[in-house]
Amino acid sequence: MKFLQVGLVIFAGIALLAAGCVEATPGEGGSDTPFWVKETTAPVGTPTTTAILDSEYVSPATPYPATTTPATIPSTRQVPENIQDKPVYPEVLRETIDLKGEAHAWTINAAYPPLIVDFVVKPETQTRTIVYQSSYGDRDEEKSTVTRISPNSHLEVTIRDADGNIVAQDGFNGKYTVGKSKQLLVLRGGVYQVDLRGTAIVADISIKIGKIEGENAVSA
């Protein structure tokens, strides 16, 4: 009988010790996290970008509202092609932007003219198959694939002076031609805002300004 009582006491002790171990194990039914477990949050990935920006001459800006009426734009001239030596102007911004209806804008400190904005676009396209009857021989059914620029794909680049007046403007599709590579040129120094707005189009934009001490060169 005494042996049975001692056995029960030993069994009860082992059970209590086992229960204590279970309660101390994190994540098994208990809502409290043990002090040695540190909660961490996965870091937010940094989006990749192809932007190059000289912060001394370029800063982000708030885009102007989209113009609803044609603007009177002062005439500008293209960079002459028949000169022997053409200056190589410093590039203060270069960026590739996939536009989906939003607008981007930058303030440009172009104290030394000119201000040159180059852009190259890759529009969204649509492909369809046309079925028609051949006009030769047995007049068999023929198929042809046609690819065209999406009517939704367009771009507009606007340069405004410090007073908000439009001094140069061009774009792609819509009210503009479908040339995929264009240039805007402003010949007077000053502070300007460049707005870029588009839909269903990828735009490569490059902005250059005049003299930056020690950075200009001349190409033959």
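These are review notes on a predicted model of one chain.

1. **Ground rules.** Residues are numbered from 1 along each chain as its sequence is written.

2. **Confidence overall.** Start with pLDDT, the predictor's confidence in each residue, from 0 to 100. Its mean over the chain is 74. A value of 70 or more is reached by 60% of the residues. Among the elements, strand β5 (residues 115–123) has the highest mean, 97. Strand β12 (residues 217–219) has the lowest, 38.

3. **Where to be careful.** Two stretches call for caution. Residues 15–49 stay under 50 in pLDDT. The model gives them 6 contacts beyond four places in sequence; a contact means heavy atoms within 4.5 Å. Residues 215–220 also stay under 50. For that stretch the model has 17 contacts beyond four places in sequence.

4. **Overall make-up.** The chain has 1 helix and 12 strands. These are DSSP runs, numbered from the N terminus: helices are H or I with at least four residues, strands are E with at least two. Of the 220 residues, 26% are buried. Buried means under 20% relative accessible area, exposed means over 50%, and partly exposed lies in between (1.4 Å probe, protein chains only). Take the contacts with a separation of 6 or more: 76% of them join residues 24 or more positions apart.

5. **β5 and its partners.** Two strands pair if DSSP finds at least two bridges between them. β5 pairs with strand β10 (residues 181–186) in the antiparallel sense, over 6 bridges. β5 also runs antiparallel to β11, joined by 8 bridges. Asp118 shows both links. Its bridge partner in β10 is Gln183, and in β11 it is Ser206.

6. **Val92.** This residue is in strand β4 (residues 91–110). Is Val92 buried or exposed? Val92 counts as buried because its relative accessible area is 1%.

7. **Ser144.** Look next at strand β7 (residues 141–149), which holds Ser144. Ser144 has a relative accessible area of 28%, so it is partly exposed. Beyond its neighbours within four places in sequence, Ser144 contacts Arg128, Thr129, Ile130 and Tyr132. The C-alpha atoms of Ser144 and Val131 are separated by 6.6 Å. Those two residues are 13 residues apart along the chain.

8. **The cavity.** How many cavities of 30 Å³ or more does a search of the whole structure find? The search finds 1. A cavity is a set of points, on a 1 Å grid over the protein atoms alone, where a 1.4 Å probe fits but cannot get out; lining residues have an atom within 4 Å of a point. The largest cavity holds about 60 Å³ of space. That volume is the space filled by probe spheres set on the points, which are joined across faces, edges and corners.

9. **Its lining.** The largest cavity is lined by 11 residues. Closest to its centre are Glu156, Thr158, Arg160, Asp195 and Arg197. β8 (154–160) and β11 (190–208) each supply at least two lining residues. The lining divides into 4 nonpolar, 3 polar and 4 charged residues. Here Ala, Val, Leu, Ile, Met, Phe, Trp, Tyr, Cys and Pro count as nonpolar, Asp, Glu, Lys and Arg as charged, and the others, Gly among them, as polar.

Definitions and conventions:
This is a predicted model: local features need pLDDT of at least 70, side-chain atom pairs count only at pLDDT 80 or more; totals for chains, interfaces and linings use all residues. Side-chain values use heavy atoms; hydrogens and water are left out. On a 1 Å grid over the protein atoms alone, a cavity is a set of points where a 1.4 Å probe fits but cannot get out, and a pocket is an open set with protein on both sides within 12 Å along at least five of seven lines; lining residues have an atom within 4 Å of a point.
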